[in-house]
Amino acid sequence: MDVLSRPLIDRTLPLLAEGYAWLPNRMRDASGPVVRTRIMGRPALALRGPEAVRFFYDERNVHRHRAIPEPVLGTLFGHEAVHTLDGAAHRARKDLFLPLLEPAAVAGLAEQVSAAWDEAVPRWARGASIVLFDEAATVLTRGVHRWAGVPLDDAEAGEAARDMTAMVDGFATAGPRHLRARRARGRQEERLARLVRDVRTGQVTAPAGSVLERVCGHRDADGEPLGEKTAAVELLNVLRPTTALAWFVAFAAHALHRWPENRAPLVEGDAAFRTAFAHEVRRFYPFVPFLGGLAVRDLFWRGAWVPEGGLVVLDVYGQNHDETLWGDPYAFRPRRFLERAVGRDELIPQGGGDPGTGHRCPGEGLSVGVLETLATQLAHLEYTVPDQNLAIPLHRVPTRPHSGVVLAGVGRAAAHGARAVRPSPRRTLEK
């Protein structure tokens, strides 16, 4: 039988069992950066590498429209979100988010999150210990709401943070986590849809130039304003990803605990190292396992093929740990980003391609800027790391340190003092 027509065995169950390791393991078995398989009943072509990134994000090859499974839309992204669009509709909706790439926007969010962190530290110091993941999620939720102009009582911040993290935690699983994620999205979409309605009817005034004002006034490619629910979805697509940086804050603490030599350059204010540290946390630790789209036509890649309508899968975790790109991929070494200019389509923890015209996350600069800031704030704290389970299981998606990173005896480091840290001007990778 011809290799191109050979029947494919569905690998959905092994994928769910192995998590992040599943696709890298298949590519290792295939001795190359391309694998033909079947996922959720569809034939699939999985690929990796900078050229594969450009192939994947070329809309002549792959569309995202209808490619995202409903369980992911119903928890993580939301129905009718920008992630579900292609072509002119996608570009028009993405115009809503592009101002978030501006340095002033990144600095503004970093300052709000830094202020929320500073407000939390005295409370942390009064207790015996904190779970950093939970506390960072609340800090991030407070900071991003203030920055976006979205009202949130301090008393409600903890509940909102739990909902935001639940949406991320439950998107890739079945059972209780998934049900919690759906309920959380329903509560937050309802809250924000009411807010959009109140802004449009004049009962609430959105701060001038805020994300809230932009979302309420945005018009799509057809010239029509966003419906209340869609506007709520897109507000959540600013708020939720920022709260999700709690995963990376926990990973940053894990890295500082395992490799404490990285603390000094952060404390000393080495701006280039701050950015390199943020990139290495995003590269080294597992967050997004892979991304998928639908083949626009019969596609061929390096001798493998997928029919029109089949899945095309970009191996994100595998690429960020590809020895041909990183040399020593399983070593945590931030200075690799100071030794050479890393190409835009080499490091892809939040997708690849051009953020202005493609599907790369337009909030990537915000993520890097905020992570720089909070990693530095963390480095300025005094604390101890008691015995706990810091294992990071690769079968769980999304994963995190099992304990959430418990810190004891938290206090401000007197020798340096905590201070607001502005993100470095160079936040993104070379193009």
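Guide:
**The sheet and its neighbour**

Strand β5 (residues 291-295) and strand β8 (residues 311-314) run antiparallel, joined by 4 bridges. Within this pair, Leu-291 stands opposite Leu-314 in β8. Strands here are DSSP runs of E with at least two residues, while helices are runs of H or I with at least four residues, both numbered from the N terminus. Two strands count as paired if DSSP finds at least two bridges between them. Strands of a sheet pair through backbone hydrogen bonds, either parallel or antiparallel.

Please keep in mind that this is a predicted model, where local features need pLDDT of at least 70 and side-chain atom pairs count only at pLDDT 80 or more, whereas totals for chains, interfaces and linings use all residues. Residues are numbered from 1 along each chain as its sequence is written, and side-chain values use heavy atoms, leaving out hydrogens and water.

Now for the whole sheet: this open sheet has 5 strands in the order β1-β2-β8-β5-β3, with mixed pairing. At its edges are β1 (34-39) and β3 (62-63), each pairing on one side only. Helix α2 (residues 22-30) packs on the sheet and touches β1, β2 (42-47) and β8, a contact being heavy atoms within 4.5 Å. The direction of α2 makes about 130° with that of β1; axes are lines fitted to C-alpha atoms, for helices over the stretch in contact, and angles run from 0 to 180 degrees between N-to-C directions.

As for confidence, the chain has a mean pLDDT (the predictor's confidence in each residue, from 0 to 100) of 90, and 92% of its residues reach 70 or more.
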